[in-house]
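Good morning, and thank you for coming. I would ask you to look at the sequence and the model together while I speak.

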Amino acid sequence: MAASSSLRLILGSSSSSRRQILSEMGYKFTLLSADIDEKEIRKEKPEELVVALAHAKADAIMEKLQNNGMMKEILDSQESTLLITADQVVVHDGVIREKPSTPEEARKFIKGYSESHAATIGSVLVTNVKSGARKEGWDKAEVYFHKIPDEVVESLIEEGNVFYVAGGLLVEHPLISPLVEAIVGTIDSVMGLPKSLTEKLINESLQEP
């Protein structure tokens, strides 16, 4: 659904995948990144972790809006302004995986996907910037792979994009996409922004008084 002219969206993410997905949904938006230390927030359950991280990102961006003068502009405007934040982890063999921090960790992560499937758990949080009201949710998908050859693993590590995504999981990458056997769920959820959940939370936020 395309955005109406009375809706202003802010995407609180530096993820190129999330930018692509929100554009595909027909929305125009402003980009702001949260710049938080994600390692400071710990939860046992992956669903709780990704929701907590989305809230922390929203808190940081709301503070940024106050400090850079955008909040006054938003409050003075007639538009509805919504902030979208999101987070994702990969769960593999019962262990939560965030972004790999070393080539060794990335290698271990990616090689492991040849042996057993990966699950992505992703949150979406929509904050009404004027009222502060928030709507949250999370989505899960599973990815099954054929064997991933060592040369593919090394190419991905050398290229470096694996260090910017949860679990080093890049299903849309041209080297990886032919090796995906099956996805249970949606590709947009795996890529970090489930479209149907995002649309639902945007609509719910716009219906708030």
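The largest cavity is lined by I110, Y113, F145, I148, L156, G168, L169, L170 and I176. A cavity here is a set of points on a 1 Å grid over the protein atoms alone where a 1.4 Å probe fits but cannot get out, and a lining residue has an atom within 4 Å of a point. This is a predicted model, in which local features need pLDDT of at least 70, side-chain atom pairs count only at pLDDT 80 or more, and totals for chains, interfaces and linings use all residues. Residues are numbered from 1 along each chain as its sequence is written, and side-chain values use heavy atoms, with hydrogens and water left out.

The volume of this largest cavity is about 40 Å³, where a volume is the space filled by probe spheres set on grid points joined across faces, edges and corners. The structure holds 1 cavity of 30 Å³ or more. Its lining comprises 8 nonpolar residues, 1 polar and no charged; Ala, Val, Leu, Ile, Met, Phe, Trp, Tyr, Cys and Pro count as nonpolar, Asp, Glu, Lys and Arg as charged, and the others, Gly among them, as polar.

Which residues touch the most other members of the largest nonpolar core? They are I84, F145, I148 and L169, in a core of 40 residues. Such a core is a set of buried Ala, Val, Leu, Ile, Met, Phe, Trp, Tyr and Cys residues joined through side-chain atoms within 4.5 Å. Buried means under 20% relative accessible area, exposed over 50%, and partly exposed in between, with a 1.4 Å probe and protein chains only. Apart from this core lies another, of 14 residues, including A34, M70, L83 and L125.

F145 also has contacts beyond its neighbours within four places in sequence: Y113, L169, V171, I176, L179, V180 and E181. Contact means heavy atoms within 4.5 Å.

I turn now to the largest pocket, which holds about 840 Å³ of space. A pocket is an open set of points with protein on both sides within 12 Å along at least five of seven lines. Its lining has 33 residues, and S15, R18, K99, Y164 and V165 lie nearest the centre. Helix 1 gives the most to this lining, with 4 residues. Helices (H or I, at least four residues) and strands (E, at least two) are DSSP runs, numbered from the N terminus. By class, the pocket lining divides into 11 nonpolar, 12 polar and 10 charged residues.

A polar atom of the S205 side chain lies 2.8 Å from the backbone oxygen of L201. Beyond its neighbours within four places in sequence, S205 is in contact with L82, V126, N128 and K135.

Y27 lies in the loop between helix 1 and strand 2. The side chain of Y27 makes a polar contact with that of E199, at 2.4 Å. A polar contact is a pair of N or O atoms within 3.5 Å; within protein, one must be able to donate a hydrogen and the other to accept it, and residues adjacent in sequence count only if both atoms are side-chain atoms.

Finally, D35 has a positive phi of about 55° although it is not a glycine. D35 lies in the loop between strand 2 and helix 2, and it is exposed, with a relative accessible area of 62%.
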